[in-house]
Amino acid sequence: MGARKYIGRLQELPTPFYFYDMDLLRSTLATAVSEASRYGYRIHYALKANFDPRIVETIRQAGLGADCVSGNEVRAAIEAGFPAEGIVFAGVGKTDREIEYALGQDIFSFNCESAAEMEAINAVAERMGRRARVALRINPDVDPMTHRYISTGKADNKFGISYTEIDRVIASLKRLSHLEIVGLHFHVGSQIGCMEVFEHLCERVNAIRSWFRERGIVLRHLNMGGGLAVDYENPDREPIPDFAAYFAVFNRRLETEPGQTVHFELGRSLVGQCGDLVTRALYGKTTAARTQVVIVDAGMTDLIRPALYGARHRIENLTSSGKPRTYTVVGPICESSDTFATGIELPETSRGDLLAIRTAGAYGMAMASRYNLRDLPGAVYSDALPTGRQ
Ligand code: LLP
């Protein structure tokens, strides 16, 4: 349903803005937490998906941990009140300053992505007179069958420690006395809709985990990353992703040792469906090739996913009930890639109509920029709407 349900109270607001359905967010979180807790799994929210303070606060209240990929994300999580023991810190390029800050906060673990990074974390920890808890992020060479820009677990991706390098990494551990290896970390990609990918991941992890056990290395935690897809085509079909099926795969396929805990880092599946980008139609025009174009006041600076990945978000006209027409919907930015959709059907659309670009809660606002010196879009929450007509 998205913003449509609240249209009466949205009509006068300045556009573009992100609209968040807070009830949907809360029920999504409740479902994810209850499905995960059947098996004792722990979820860390991937802050990169959306760091809006109210969203983050709601997620903290639901009892999730945080998954961060920069020092500033670690700081944001700490400032939002996430307990340090629920914070993990990944990323291929952590700077010494970021490592120092996170170590100072005594976070749960660093997801360490290379032999060189292990040396750096060890050196910082030594300087600070501490031991850093580290999970080794292993690149398991699993094809997530998703867009190549968001594939992270294939052999030639920049992420994780290659399995060809594990021997060398293990050998170096004796020397790196300021590291405590607490687990293994995997994250093979995002927007993964095919459960076989996660089954395949489990098989690889089972093999890697036994390899460590044979070498006498006890791992307290397995972190399986994130990646569960959302339905962009039809957001109302399954507004809450199928967390039951997702966690059941790991319960069925992942072998664990007694006392070993299993962690996940979910982003998109928790916040994707609760957000719509609401925009207003500015102008219509017909090109020489007879394409009917609607120019809206949101652009790729507000939601870059269509321009960057060719992503398709469902678009709805919230205020017109005219005859269906075929349109191309574009933004005002000086780039031809600033196109939200081509050849889609909408009710006849005129200047002033409000449009919702659906499933924009994840990697929408978080990737917004000020290109063309545009203002950043605002945020409107379903439980804090200006009073007016419903
Ligand atoms: N953990 C790590 C180490 C990650 O790199 C990511 C996402 C996640 C967890 C969360 O994955 P999720 O559950 O959200 O799939 N901007 C792109 C998505 C980039 C994902 C980057 N990493 C998009 O708009 O599709």
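Two strands are taken to pair if DSSP finds at least two bridges between them. Helices (H or I, at least four residues) and strands (E, at least two) are DSSP runs, numbered from the N terminus. Isoleucine 295 has valine 330 in E14 as its bridge partner. E14 is also joined to strand E15 (residues 339-347), this time antiparallel and through six bridges. In that pairing, tyrosine 327 stands opposite isoleucine 344 in E15.

A word on the ground rules. This is a predicted model, in which local features need pLDDT of at least 70 and side-chain atom pairs count only at pLDDT 80 or more, while totals for chains, interfaces and linings use all residues. Residues are numbered from 1 along each chain as its sequence is written, and side-chain values use heavy atoms, with hydrogens and water left out.

Now to the ligand. It is surrounded by 18 residues, and the closest are Ser190, Glu265, Arg305, Tyr309 and Tyr363; here a residue is near a molecule or strand if one of its heavy atoms lies within 4 Å of it. Polar contacts are pairs of N or O atoms within 3.5 Å; within protein, one atom must be able to donate a hydrogen and the other to accept it, and residues adjacent in sequence count only if both atoms are side-chain atoms. A backbone N or O atom of arginine 268 sits 2.8 Å from an oxygen atom of the ligand. A polar backbone atom of glycine 267 is 2.9 Å from a ligand oxygen atom. On the nitrogen side, a ligand nitrogen atom lies 3.3 Å from an N or O atom in the side chain of aspartate 67.

Arginine 268 itself lies in helix H10. Its relative accessibility is 4%, so arginine 268 counts as buried; buried means under 20% relative accessible area, exposed over 50%, and partly exposed in between (1.4 Å probe, protein chains only). The side chain of arginine 268 makes a polar contact of 2.8 Å with that of serine 190 and another, of 3.5 Å, with that of glutamine 191. Contact in the wider sense means heavy atoms within 4.5 Å. Not counting residues up to four places away in sequence, arginine 268 touches a list of residues including Ala49, Leu228, Val230, Arg305 and Tyr363.

Neighbours within four places in sequence aside, glycine 267 is in contact with Tyr45, Ala46 and Ala49.

Serine 190 comes from the loop between strand E8 (179-185) and helix H8 (195-214). With 11% relative accessibility, serine 190 counts as buried. Leaving out residues up to four places away in sequence, serine 190 touches Thr146, Ile150, Gly227, Arg268 and Tyr363. Arginine 305 belongs to helix H11 (residues 305-309) and is buried, at 5% relative accessible area. Among the contacts of arginine 305, with neighbours within four places in sequence left aside, are Tyr232, Arg268, His313 and Tyr363.

Tyrosine 363 sits in the loop between strand E16 (354-357) and strand E17 (378-381). Tyrosine 363 has a positive phi of about 60°, although it is not a glycine. At 15% relative accessibility, tyrosine 363 counts as buried. Aspartate 106 also has a positive phi, near 60°, but aspartate 106 is partly exposed, with 38% relative accessible area.

On a 1 Å grid over the protein atoms alone, a pocket is an open set of points where a 1.4 Å probe fits, with protein on both sides within 12 Å along at least five of seven lines; lining residues have an atom within 4 Å of a point. The same feature name, "binding site" (unreviewed entry), is placed by UniProt at Arg268, Arg305, Tyr309, Glu335 and Tyr363. These span 96 residues in sequence, and their farthest two C-alpha atoms are 26.8 Å apart, so they do not all gather at one spot. Of these residues, Arg305 and Tyr309 are included in the lining of the largest pocket. UniProt positions are given in the numbering used here, feature names are shortened, and annotations may be inferred rather than shown by experiment.
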